[in-house]
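Subject: Structure handover

Hello,

Here is the structure for you to look over. My notes on it follow below.

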Amino acid sequence: SFEVALARSCLTVKVLAGQTILEAVREAGVAMPSSCEQGACGTCLARVIEGEPIHQDVYLNDAEKASGEAIMTCVSRSASPRLVLDL
Ligand code: FES
């Protein structure tokens, strides 16, 4: 598991194994749009402020993935114990 801090909402949520960031964010009461929930459409994108995403989507290109500036919250995870997102 890892922690996701939602900078604008002033909340920190724990993302368990088998749970997506999107699910954990919604459980915390933060509304977040989604569509495909398979990492393909781009709807659930969040800006990364801090931390290292593990990209599991097919939406971002290689350069975008390498920059680590955005994450698709429906499928991707974190390599660092904590991710800070602009949510
Ligand atoms: Fe489509 Fe996440 S909902 S990429």
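Start at Leu60. Setting aside neighbours within four places in sequence, Leu60 is in contact with His55, Lys65, Ala70 and Met72. Keep in mind that this is a predicted model. Leu60 sits in the loop between strand E4 (53-54) and helix H2 (62-67). Is Leu60 buried or exposed? Leu60 counts as buried, because it has 20 C-beta neighbours inside 10 Å and the cut-off for burial is 20 or more. One further distance: 8.6 Å separates the C-alpha atoms of Leu60 and Ala40, which are 20 residues apart along the chain.

Now the overall fold. The protein chain has two helices and seven strands. Along the sequence they follow the pattern β-β-α-β-β-α-β-β-β. The radius of gyration is 11 Å, close to the 12 Å that the globule rule gives for 87 residues, so the chain is as compact as a globular protein of that length. Along the principal axes, the C-alpha atoms fill a box of roughly 30 × 25 × 25 Å. Of the 87 residues, 31% count as buried. Take the contacts with a separation of 6 or more: residues 24 or more positions apart account for 51% of them.

Next, the sheet. Which order do its strands take? The sheet is open, has five strands and reads E2-E1-E7-E3-E5, with mixed pairing. E2 and E5 are the edge strands, each pairing on one side only. From one strand to the next, the twist averages 40 degrees. As background, strands of a sheet pair through backbone hydrogen bonds, either parallel or antiparallel.

The pairings in more detail:

- E1 with E2: the two run antiparallel and are joined by five bridges. Val4 stands opposite Val13 in E2.
- E1 with E7: the sense is parallel, over four bridges. Ala5 has Val84 in E7 as its bridge partner.
- E3 (residues 45-50) with E7: the sense is antiparallel, over two bridges. Glu50 also has its bridge partner in E7, and that partner is Val84.

So much for the pairings. E7 also has two faces to look at. Leu83 and Leu85 form its covered face. Arg82 and Val84 form the uncovered one.

Last, the core. Which residues of the largest nonpolar core touch the most other members? They are Val4, Ile21, Ala24, Val25, Met72 and Leu85, out of 20 residues in that core. Five elements each supply at least two residues of this core: strand E1 (2-6), strand E2 (11-15), helix H1 (21-27), strand E5 (70-72) and strand E7 (82-85). H1 gives the most, with four residues.

Ala24 is worth a separate look. Leaving aside neighbours within four places in sequence, Ala24 is in contact with Val4, Val13, Lys14, Val15 and Gln19. Two of these names have come up already: Val4 and Val13 stand opposite each other in the pairing of E1 and E2.

Best regards

How values were computed
Residues numbered from 1 in each chain as written. Predicted model: local features only at pLDDT ≥ 70, side-chain atom pairs only at ≥ 80, totals over all residues. Core = buried A, V, L, I, M, F, W, Y, C linked by C-beta atoms within 7 Å. Buried ≥ 20, exposed ≤ 12 C-beta atoms within 10 Å, placed from the backbone. Contact = placed C-beta atoms within 7 Å. Pairing = 2+ DSSP bridges. Rg over C-alpha atoms; globule rule 2.2 N^0.38 Å. Axes fitted to C-alpha atoms, helices over the stretch in contact; angles between N-to-C directions.
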